[in-house]
Amino acid sequence: MPNFRHETILQLIQSHNVTTQEMLRELLEQEGYSVTQATISRDIRQLNLRKKRNSSGLSVYVRSHNLQNSPNNLLNDVVLRVDHAMNTVVVSCHPGSAQAACAILDSMQMADVVGTIAGDDTIFILTRSETSAKQLVHILESQIWG
């Protein structure tokens, strides 16, 4: 049963701008699947779905591409979301993984990055300007999720 549900989820995220787990649950219900939030969470993890900002600016679920044989592979596995506020980029990660992800980001020696700081599940990246932050978000999203 999960395989059919997984196929349905992939079809739904391609045909709809799915922005929340609740929205995905409602769409699945319309397709005849009665699932809990815990099941949706597990499906999202198993399908390697991530949120990515679409052309309309909405943060929607997409299937993450696996970056084989790359230091970015860890980033692909642990980064959940990338966003910015003014000249600060915020990288949200799975709990306990932000420091390892930050070490990889630091090793990339990105232009216009003043510095980074990592907690348990969040990384703050200070850039020289808001334009630099926007560019960095775009670069990270394309490198992590393809």
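This is a predicted model: local features need pLDDT of at least 70, side-chain atom pairs count only at pLDDT 80 or more; totals for chains, interfaces and linings use all residues.

Biologist: OK. Which residues touch the most other members in the largest nonpolar core?

Modeller: Those are Val79, Val89, Val91, Ile123, Ile125 and Leu140, in a core of 21 residues. Helices H4 (72-78), H5 (98-107) and H6 (130-145) each put at least two residues into this core, and so do strands E3 (79-85), E4 (88-93) and E6 (122-127).

Biologist: And what lies apart from it?

Modeller: Another core, this one of 15 residues, including Leu24, Tyr33, Ile40 and Leu47. In soluble globular proteins, nonpolar side chains tend to be buried together.

Biologist: Back to E6. Which residues are on its covered face, and which on the uncovered one?

Modeller: Ile123, Ile125 and Thr127 make up the covered face of E6, while Thr122, Phe124 and Leu126 are on the uncovered one.

Biologist: How do E4 and E6 run, parallel or antiparallel?

Modeller: Antiparallel, with five bridges joining E4 to E6. Val89 has Ile125 in E6 as its bridge partner. E5 (113-118) is also joined to E6 by five bridges, again running antiparallel, and there Val113 is partnered with Thr127. E5 and E6 form a hairpin, with three residues between them.

Biologist: What about E1 and E2, how many bridges there?

Modeller: Five, in the antiparallel sense, with E2 covering residues 59-63. Arg53 stands opposite Ser59. That hairpin has five residues between its strands, and one of its residues, Gly57, takes a positive phi near 90 degrees.

Biologist: Switching to helices. Which residues of H5 are buried?

Modeller: Ala98, Ala101, Cys102, Ile104 and Leu105. They sit on the same side of H5, because they cover an arc of only 160 degrees around the axis. The face turned away from that buried side carries exposed Gln99 and Ser107. Just after H5, Gln109 has a positive phi of about 45 degrees.

Biologist: And in H3, which ones are buried?

Modeller: Thr39, Ile40, Asp43 and Ile44. Down the axis of H3 the buried residues fall within an arc of 135 degrees, so they line one face of the helix.

Biologist: Is Met86 buried or exposed?

Modeller: Exposed, because its relative accessibility is 61% and the cut-off for exposed is over 50%. Asp112 has a relative accessible area of 35%, so that residue counts as partly exposed.

Biologist: Last topic. What volume does the largest pocket have?

Modeller: About 270 Å³. Helix H3 (37-46), strand E1 (49-53) and E3 each give two or more residues to its lining.

Biologist: Which residues line the largest pocket?

Modeller: Gln21, Ser41, Ile44, Arg45, Leu49, Arg50, Lys51, Tyr61, Leu80, Arg81 and His94. By type, the lining divides into four nonpolar, three polar and four charged residues.

Key:
Residues are numbered from 1 along each chain as its sequence is written. Side-chain values use heavy atoms; hydrogens and water are left out. A nonpolar core is a set of buried Ala, Val, Leu, Ile, Met, Phe, Trp, Tyr and Cys residues joined through side-chain atoms within 4.5 Å. Buried means under 20% relative accessible area, exposed over 50%, partly exposed in between (1.4 Å probe, protein chains only). Helices (H or I, at least four residues) and strands (E, at least two) are DSSP runs, numbered from the N terminus. On a 1 Å grid over the protein atoms alone, a cavity is a set of points where a 1.4 Å probe fits but cannot get out, and a pocket is an open set with protein on both sides within 12 Å along at least five of seven lines; lining residues have an atom within 4 Å of a point. Grid points are joined across faces, edges and corners, and a volume is the space filled by probe spheres set on the points. Ala, Val, Leu, Ile, Met, Phe, Trp, Tyr, Cys and Pro count as nonpolar, Asp, Glu, Lys and Arg as charged, and the others, Gly among them, as polar. The arc is that of the directions from the helix axis to the C-beta atoms. Two strands pair if DSSP finds at least two bridges between them.
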